[in-house]
Amino acid sequence: MEVLRPQLIRIGGRVYRKNPIQEQTYQHEDEDDDCYQGLVECAEESCEAYEVVQTPQGFRCTVKAPSLLYKHIVGKRGDTRKKLEVETKTSISIPKPGQEGEIVITGQHRSGVISARTRIDVLLLTFRRKQPFTHFLAFFLNEAEVQERFLKFQEEVLEKCSMDHGVDSTIFQNPKKLHLTIGMLVLLSEHEIQQTCEMLQQCKEEFIDDISGGKPLEVEMAGIEYMNDDPGMVDVLYAKVHMKDGSNRLQELVDRVLERFQASGLIVKEWNSVKLHATVMNTLFRKDPNAEGRYNLYTTDGKYIFKERESFDGRNILKLFENFCFGTLKLNSIHISQRFTVDSFGNYASCGQIDFS
């Protein structure tokens with residue numbers, strides 16, 4: 001990260017800079033202090049997005065946050081909370097570990113309460129981004145016809161290309177887990193899962209029904225492509241998905257869902273558009289059949305995971321199967337899927353869904 005182009009963090013419609021700090025290795029207990037020192041202070045700036053209540057003793061504001069993140073507001077030996085309280089002239093009450101509740105900020109000056117709230121929000125967002133993704137929004141692509149065609153694709157690839165470097169049976173997707181990802185989520189409490197369900201229902205009522213016409217979207221899963229720029233060293237090979245009628249309705253729908261979830265803060269803004277793809281081969285599966293693409297970045301305590309992977313030569317596969325058809329299917333539901341958890345059918349477990357018809 002360049003000093004003149006620091007990371008930007010969006011909170012409540014405002015944009016804050018996070019000043020860079022020098023880090024050699026990640027030490028979990030000390031990270032709270034580093035992040036606190038890196039915050040751009042905006043203590044005296046009024047923010048209408050926060051609900052600050054006047055009380056007989058002064059002012060009060062509450063922050064809803066999952067208990068897993070409380071420790072980052074407290075800091076090592078309580079240092080982070082003490083700094084916040086001293087510098088903003090407030091008192092900050094945080095529920096005990098394992099207890100769900102609200103962080104309560106009180107102070108004699110409204111500006112101090114707002115300043116403390118802003119800094120807490122930045123800390124929460126910073127450490128939320130270091131949590132591994134727990135769920136994702138997705139269409140399931142595991143209809144019987146598609147699974148059969150996928151197995152046929154795997155069989156033919158192994159028959160014709162098994163001599164190519166890195167190509168073997170271990171790097172193919174589990175056909176029961178074929179899916180189309182809309183966006184990745186970090187949901188750290190039952191409240192956040194419920195919030196996601198409600199947001200998805202709002203999307204259905206406000207624009208999904210209009211785009212889908214209250215009917216399943218008929219799509220074709222055909223053609224293959226690779227993620228990187230060298231077909232001789234491929235890590236992810238995917239099947240393309242498009243509307244059978246040639247329209248742009250699927251892309252419009254997923255982009256608007258992504259935009260709505262990004263605006264709510266439930267999905268971190270990385271892309272402006274969803275790349276419609278269904279992973280069929282991934283080199284991360286080689287050592288871990290349960291690996292899930294590029295999203296295994298952090299452990300639950302915030303430590304970065306580096307996963308070595310052996311790429312495969314995809315040139316012959318791309319040449320021989322460029323237009324392979326995996327079949328047609330009707331997309332009728334968007335699921336809130338839980339990572340690393342499967343249902344009785346071997347598919348990702350669903351915590352909630354909306355149906356088009």
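Reader: In what kind of bridge do the side chains of K152 and E156 meet?

Author: They meet in a salt bridge, with 3.7 Å from N to O. The model is a predicted one, and the distance is computed from its atoms.

Reader: What makes 3.7 Å count as a salt bridge?

Author: The rule asks for a side-chain nitrogen of Lys or Arg within 4 Å of a carboxyl oxygen of Asp or Glu. The N to O distance here is 3.7 Å, so the pair K152 and E156 is called a salt bridge. By this rule the count comes to twelve salt bridges.

Reader: Why are K152 and E156 about one helical turn apart?

Author: Because they are four residues apart in helix α5, which covers residues 144-161.

Reader: Which salt bridges link distant parts of the chain?

Author: One of them is between E206 and R260, at 2.7 Å from N to O. E206 is in helix α6 (residues 190-212) and R260 in helix α7, 54 residues apart. E206 has a relative accessibility of 43% and R260 one of 25%, and both count as partly exposed. Another is between R309 and D235, at 3.5 Å. R309 lies in the loop between β11 and α8, D235 in the loop between β9 and β10, and 74 residues separate them. R309 is partly exposed, at 31%.

Reader: Which residues are joined by salt bridges into one network?

Author: D168, R286 and E310, through salt bridges that share partners.

Reader: How many disulfides are there?

Author: The count is zero. A pair of cysteine sulfur atoms would have to lie within 2.5 Å to be counted. Among the cysteines, C61 is buried, with a relative accessible area of 1%, while C325 is partly exposed at 27%.

Reader: Why are β11 and β12 said to stand at the edges of their sheet?

Author: The sheet is open, and its four strands come in the order β11-β10-β9-β12, with antiparallel pairing. β11 (277-282) and β12 (325-331) each have a single partner strand, so one side of each is left without a neighbour in the sheet. The twist averages 30° from one strand to the next.

Reader: How do you know that β10 and β11 pair?

Author: Pairing takes at least two bridges between two strands. β10 (residues 236-243) and β11 have five bridges, so they pair, in the antiparallel sense.

Reader: What makes β7 mostly covered?

Author: Six of its six residues, 135-140, are buried. H135, L137 and F139 point one way from the strand, and F136, A138 and F140 point the other way. β7 pairs antiparallel with β8 over six bridges, where F136 stands opposite M184. Four bridges join β7 to β13 (residues 333-342), also antiparallel, and H135 stands opposite Q338 there.

Reader: What makes the pair H179 and T181 a polar contact?

Author: A pair of N or O atoms must lie within 3.5 Å, one able to donate a hydrogen and the other to accept it. The side chains of H179 and T181 are joined at 3.2 Å, so the distance meets the cut-off. A polar atom of the H179 side chain also lies 2.7 Å from the backbone oxygen of K177.

Conventions: Residues are numbered from 1 along each chain as its sequence is written. This is a predicted model: local features need pLDDT of at least 70, side-chain atom pairs count only at pLDDT 80 or more; totals for chains, interfaces and linings use all residues. Side-chain values use heavy atoms; hydrogens and water are left out. Helices (H or I, at least four residues) and strands (E, at least two) are DSSP runs, numbered from the N terminus. Axes are lines fitted to C-alpha atoms, for helices over the stretch in contact, and angles run from 0 to 180 degrees between N-to-C directions. Buried means under 20% relative accessible area, exposed over 50%, partly exposed in between (1.4 Å probe, protein chains only).
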